[in-house]
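Hi everyone, thanks for coming along. Please have a look at the screen.

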Amino acid sequence: MIIEALLLGLSTGAYCLFSCAPVVTPLFLSVEPNRKKSFKMVSFFLSGRLAGYLVFGVAIGLAGVSINRNLNPEHNIFIGSIISIVTGLLLVLAGLNFQFPKLPVCRILSRYITPGRNSFVFGLFTGVNVCPPFLGAASRVMDKGGVIYGLVFFLIFFIATSIYFMPYLGVSFITKRIKPLKEIARFSMLIIGFYILVFRGFINLLKVIL
Amino acid sequence: MKILQENHTLKRFIVALLLTLPLAFGFYYTIGLVDIQNPRFDLIDKGGIVFHYFASVLLLFLIFYKDKIDFFRKVIFVPAAACFTLWFVIYLFQERGHLFIYTPENINCGDVPFCHIVIPQTLIPTLLTGKFIFPGTTSKWIFSMFGMIATWIGVSLVLGRGFCSWACFWGGWESGSASILKKPVIKRIPMKLKWGAFAMLFSIVISSLVSLTVVYCIWLCPFQGVSEFAQVTDWVTTLKFIIFAVLFLFLVIVFPLLTKKRVQCISFCPFGAFQSLVDKINAFDIRIKTKECSGCKKCIRECPMNAVTENSLKTGKIGIPCVKCGKCVDICRKKAVVFHLKGTPVGYLSKAVKVTFIYLSFFVLTMMLGGNIKEALVMIIKFLSTGSAV
C-alpha cells in the first residue's frame, strides 16, 4: 500500500502542482520577500493540505464502498464548484485586503486574514480540490475501505506530492530580485480569485443545478 | 526676417521630401503600385492601391515636415481599428455566413482567425505539451497562426512594445476614445495600475496552462465585443456576451475617454504586458536628456500610457508600459525627450535614430493598418456601387 500511494503521489504530483499553481503562486509571491516568511507560508500551506487529505482520507475510509457506488460525475462537479467558490472568494478577499487596506471591510478582514492563516486555509481547500490525482487516491481508498487504510494512504500520498511544492520555498529569492512581482501577484489574486469564483465556481454549480 | 523664415520653411520642405523618398520608393513595390496593371484588379481595387500609396507617402512627408509623429500616426492608427472591424465582419460573413465563434464546425476544422493577443497564452502550453491550444486556422495566410506569429516576431524585433501603437489593429479604438476630449475629466489614475496588465498576463498564462484552454479569449477579451463572438444560445453564452460588451464599453471607450489614457492597454491587456517583456530584445527606446529637461512635466501629463513618471525625469528612463507612440518626443519644447538606440549614450545621433525608427515603424503601420483602411474603403465603395461588398 505504501509503495502504491508513494508511486501514485510521485506520478501525479506534477498535476497537483499545476492545478494548485493558480492559487498558490500569487499567494506566496504577494508577501514581503523574506526567507523565513516564505518557509512559514509554505509550511502552513502544506499543513493545510495535510489536514484536508487526512480528513478526507478518514471520511472516505469510513464510507468506503458505499460512496463509490453512489458517486457520479455530477457530484464531483458539484463538490468541485463549491470548493472553487470558497477558494475564489477567499482569494478575492485576500486580494482586496492588499489593494484597499483602508476600506472598512478590509480593516475587519485584516484582523482575520494573515499570511499564515491564509496559507493554511488555501492549503486545506486546494488539498480537497476534486482534481484527477485526488480522485485517483480517493477511488483507491474507496475500493479498499477502512479508516486506517485511508489515513495512511493519504499521508503517504501527501508526502509524495509535497515534493513538487518544494520550489516554492525559494520564492523570496525571486521576489527580492524582481521588485514589482509582489504588486503583480497581489493584482493576480484578484483576477484569479474572480476567475475561480465565477467561471469555475458559480457557472459550474449553476450548470449542475439548472 | 521673413526671408529667413521662408528659407527655413523651404529647407524643411526639401529635407522632408528627401527623407520621404526612400520609403516612397519602397512603398511603390510593397503596396503594389508596381503591379497595378494586373488584370485581377478592377477599377475600385486600383483606386484603393493608388489611395493607399499616396496617402501613406503624404503622411510620411507630413511627419518629417511638421516634425509630429503621434498626430500623423493616429491619422492611420485610429480609423484603422474601426476599418479593421468593418472589414473583418464582412470577411467573416463572406467566409462563413455568420460572425459566431466556437461553433462546433469552426472548432473541428480549426477555422478560427488568429489574433496576436492569443500568443502569450498559447506559448507555454504549446512548448510543454507540443499541442496548440487554439483552434486557429492554418490553411489561410490571412489570420493564420503562422502568419500572425511571423508578423509578431518581425514587428517585435523591429519595434518591441511599439507593436501596441504601430501594429495593433485593436489599439485605435482606445487611442481614438482617448483623443476625443481636450482635457481629461479624471485627471489621475493610479500608477500601480500598470501592474494590472502583468497580473492579467500572469493569471491567464497560468490558467491557460492548467485548463489547456485560451481563458482570456473565452471569457475576458473586450474586443470580442466588436468582432466574432460566441453565439448566444443559453445563459452561459449570454453571460459571455455581457462580459465582452461591458469590458469593451468601459475599458476601451468610457475610461479612455474620461482619462485620456489607454486604460485597457495599461491595466488589462496581457499582450501589452508580454510585449513589455519582449521589448528587451528591441533596439529602440525613448529616453529623457535630464540635463536639458526643464521639468515642466508636460510629458507626464500627456503620456497616454502613464509611462513617464517623476522618476523618469530624474533617471532619464521611461517606464515599462511605453509604446513608443512618440507623443512625448513631439510635445517636449526643449527637445529633451529623444528616441534612443540601446547601448549608446543618450542623445547620440538622435536625429538619425529618430528617422530610422520612423522608417521602420511607419512601414509597419502603413503595411498592416493602412492596408485595413484601404480594404474597408474598397469594400464600402464596392457595396455602394454594385450592392455587393465582395
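A quick word on terms before we start: helices here are DSSP runs of H or I with at least four residues, numbered from the N terminus. And please keep in mind that this is a predicted model.

Over all chains, the structure holds 38 aromatic pairs. Let me take one of them: B:Phe61 and B:Tyr65 have ring centres 5.6 Å apart and planes at 10°, so they count as stacked. Where do these two sit in chain B? Both belong to helix 2, residues 43-66, and being 4 residues apart there, they are separated by about one helical turn. B:Phe61 is buried, at 11% relative accessibility, and B:Tyr65 is buried too, at 16%.

Now for another pair, B:Trp166 with B:Phe357. This one is edge-to-face, with 6.1 Å from centre to centre and 80° between the planes. It links distant parts of the chain: B:Trp166 is in helix 7, residues 163-166, while B:Phe357 is in helix 17, residues 350-386, which puts them 191 residues apart. How accessible is B:Trp166? Its relative accessibility is 0%, so it counts as buried, and B:Phe357 is likewise buried at 0%.

Last stop, a cluster. Eight names to find on your screens: B:Phe84, B:Trp87, B:Phe88, B:Phe169, B:Trp170, B:Trp173, B:Phe223 and B:Phe248 form one aromatic cluster.

Key
Residues are numbered from 1 along each chain as its sequence is written. Chains are lettered from A and ligands numbered from 1 in the order in which they are written. This is a predicted model: local features need pLDDT of at least 70, side-chain atom pairs count only at pLDDT 80 or more; totals for chains, interfaces and linings use all residues. Side-chain values use heavy atoms; hydrogens and water are left out. Rings of Phe, Tyr and Trp (its six-membered ring) pair if their centres lie within 6.5 Å; planes under 30 degrees apart count as stacked, over 60 as edge-to-face and the rest as tilted. Buried means under 20% relative accessible area, exposed over 50%, partly exposed in between (1.4 Å probe, protein chains only).
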